[in-house]
Amino acid sequence: MSLIEKLADLVGFHRSYTDSFGTLVKANEQARHNLLQAMGYDLSSDETIQAAIIELEQQAWCKLLPSCVIAKAEESNHPVALNLPSSTYVFKWQVITEDGQVLNKVIELSHLKQQASKTIHGVSYQRFVVELPKLPLGYHQLTVYADDKSDSCTLICAPKTCYLPQEASAKKMWGYAAQLYSLKSETNWGMGDFGDLLTLIEQSAQQHASIIGLNPLHPLFYSNPAHRSPYSPTSRCFLNTLYINIEQIPNYRSCDEAQKRINAADFKTRIEQAKHAELIDYPLVAQLKFEIIELLYQDFINYHTSGELANEFNQFKVAGGEDLLKLATYETLYEHFRKKDFHAYGWTAWPTNYQDPTSTEVEEFQQQHTNRIDYFCFIQWLAHRQLSHAASLTKALEMPVGLYLDLAVGCDGSGVDVWSDREVFVAGASVGAPPDAMNVMGQDWGLTPINPVALQQQGYMPLAKALRSNMQYAGALRIDHILGLMRQYWVAPGMPADQGVYISFPFDDILRVIALESRRNNCVVIGEDLGTVPDGFGEIMAAAGLLSYKVMYFEKWDSGFFKRPELYPAQSMVTVSTHDLPTLTSWWTGRDLNWRRTLNLYPTDEMAQAEQNARIKERELLVAALQDMQVLTSQDDLLQEPPHMSRALTIATQKFLAQANSHILLIPLEDALEVAEQVNIPGTVDEHPNWQQKLPVNIELFNKIDSVKELVTAMQQMRPRND
């Protein structure tokens, strides 16, 4: 075994994996080398590599405590492994709970049984297990004092299971999945906003829907609004301020300067241009909105320095703390350097001294730009209060779940999360996926991975912050690519995507952290578990109370037959499609296959033709499945070529899924409105209008659309919310 391989084993990299074709793929030596280097290991010589190996092997003994301890809330005592020098006869443990309570005890080692021992550099260490008393749920601090040494770590007392959908509603539920930006209305300025979300909530509640799913609402890049993928955010802990509804800003009506600007003829013309554009023009929308918000901010600090609103803003800044300050500082720096160089996309393009958020230069910059930094705090506050209002509205209208938010798998490497916490991220590496039938060269998602070792050392705080930041608004949270919290496919710096390497994460601990945040926020958790997953993964998720993510297109037997609805697990959420897959209309008509041909996404012509032929059979099998469940009474010439979509098929398909055991059914708005174009085609950026499409009708008219009315009637019959 080479030294690189030994070090990689200790860090958690896999030596091999089995790909989607059933082939054993061995890890690439150079990829492992580059990834270890990106993680900060000195690989310049055999001596430095050996030193890193020894340090990793010995640190499990030389530290009194583990990096982090997870206490199982359902157990009456919590065992903790301690490593003490053999010279120790007595030690003291102390727990400071998150609410400030102090627990401690002095213990003589003669009362404990030694579990193991090891001698390092002439010092003998002994391992013991101490039992801590039952603790309250939360994030506590554990400290051990032994002789002249002490050591501390985060102690997390967490439940076994997440908040379950059955606790929100005993009855099976249904609702909509919406791309918020795609909503059209009489009042928005060219893209869907939090005001439109209120309208959607009101109309959905009238229909007795229980849940509204949304795309990730994470912030993207204020000074680069053309960057539009919601799954490539700058942070997972704040909000995309483009969703702010201008008219709902508190001082909108009273600010003369803003009113004067909005009512100017040229400004009105630009708003109409944005509203009537076929696709969302993000730069134009950003220009319009932020021009007015800046005027409202200036008005706010001039005339609202005291009173209820000022207190609310100040409390928001205090609650946001250092994380909010770093976000606002980052946005100000990004804006500053992009004015100097249009191609300065993020911190990696800044002068070296500004790439460290703790540097003297950054501190001086903060002092010189306090007003602008405060502005970026202000717009986060506006977004927060508007989304909070939307969440409150779902409760007032008695929607059992309410908002269902989406947590992206990671962050853009040039964004604030990576800049502000370089130790926990592996800069230069990228999360991706191995080769499969549709992506024979693998996938590089451009998202910077989290170092699992550093994640433990930080007491899982980066994950906990991301979870609670989103759950504070949500009755349900979808975690994108949940398998990545068990193992992740990393693409090494300077290497192609098909040469990636898997690395393990402490999944059991992570599930406990998810469950803790879920319980504290009464938030259902859905794990997006599509694709090839290890045997038993579904059982692990179910045991932790996470819902599986079931997509009808994939719920088939090897024979191609669609699975009957009663075979779907109750502990799941079901839908026809997702943002990365064709709408039902697109799938039925083969529009998605035509796009793949046009964009040359098929590795071979033979593969393209094979999928075209397979789709014909899939349509036949879907019709057979619908007829078998008696939701489609006749074929109505559905199987004629070329295929055409019908209202009967739309309703029948949703009725089919409504019969599933799955506790939650989500209907994409695109399917409710019979839209033919899919939201996003993976593997493309500008070749397809990803994340730019608007829905065909204004949200004010949603309840009046025939397809929606028929769909609602069917859902109220098959998944009634009230007796």
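In the predicted model, Asn 34 is located in helix 2, which covers residues 29-38. With a relative accessibility of 15%, Asn 34 counts as buried, because the limit for a buried residue is under 20% relative accessible area. Beyond residues up to four places away in sequence, Asn 34 touches Ala 492, Pro 493 and Met 495.

The protein chain as a whole contains 22 helices and 23 strands. Its radius of gyration is 27 Å, close to the 27 Å given by the globule rule for 723 residues, so the chain is as compact as a globular protein of that length. Along the principal axes, the C-alpha atoms fill a box of roughly 85 × 70 × 55 Å. Of the 723 residues, 56% are buried. Among contacts with a separation of 6 or more, 73% are accounted for by residues 24 or more positions apart. The accessible surface of the protein chain comes to about 30,000 Å², and carbon and sulfur atoms contribute 49% of this area.

Strand 13, formed by residues 402-407, is paired with two other strands. Its pairing with strand 12 (residues 211-214) is parallel and involves three bridges; within this pairing, Ile 212 has Leu 403 of strand 13 as its bridge partner. Strand 13 also pairs with strand 17 (residues 476-479), again in the parallel sense, over four bridges. Here Leu 405 stands opposite Leu 477 of strand 17. Six of the six residues of strand 13 are buried, so the strand is largely enclosed by the rest of the structure.

Helix 5 is mostly covered, with eleven of its 13 residues buried. Among the buried residues are Phe 194, Leu 197, Leu 198, Leu 200 and Ile 201, together with Asp 196, Thr 199 and Gln 203. The helix spans residues 194-206, and its end C-alpha atoms are 19 Å apart; this agrees with the 18 Å that 13 residues should span at 1.5 Å a residue. The N-terminal end of helix 5 is capped by Asp 193, a side-chain oxygen of which lies 2.9 Å from the backbone nitrogen of Gly 195. After the helix comes His 208, which has a positive phi near 70 degrees.

Several loop residues were also examined. His 481 lies in the loop that connects strand 17 with strand 18 (487-491). Its relative accessible area is 18%, and His 481 is therefore buried. Apart from neighbours within four places in sequence, His 481 is in contact with Val 409, Trp 445 and Glu 528. A further loop, between helix 19 (605-628) and helix 20 (647-658), contains Pro 642. The peptide bond joining Glu 641 and Pro 642 is cis, with omega about -5 degrees.

In His 121, which is not a glycine, phi is about 50 degrees. This residue is found in the loop between strand 7 (116-120) and strand 8 (123-132), and at 72% relative accessibility His 121 counts as exposed. Asn 522, likewise a residue other than glycine, has a positive phi near 50 degrees. The loop that holds Asn 522 runs between helix 15 (507-521) and strand 20 (524-527). At 46% relative accessibility, Asn 522 counts as partly exposed.

Definitions and conventions: Residues numbered from 1 in each chain as written. Predicted model: local features only at pLDDT ≥ 70, side-chain atom pairs only at ≥ 80, totals over all residues. Heavy atoms only, no water. Buried < 20%, exposed > 50% of the residue type's maximum accessible area, 1.4 Å probe, protein only. Pairing = 2+ DSSP bridges. Expected span 1.5 Å × (residues − 1). Polar contact = N/O pair within 3.5 Å; in protein donor to acceptor, adjacent residues only side chain to side chain. Rg over C-alpha atoms; globule rule 2.2 N^0.38 Å. Contact = heavy atoms within 4.5 Å. Areas by Shrake-Rupley, 256 points an atom, 1.4 Å probe, with all protein chains shown as cover.
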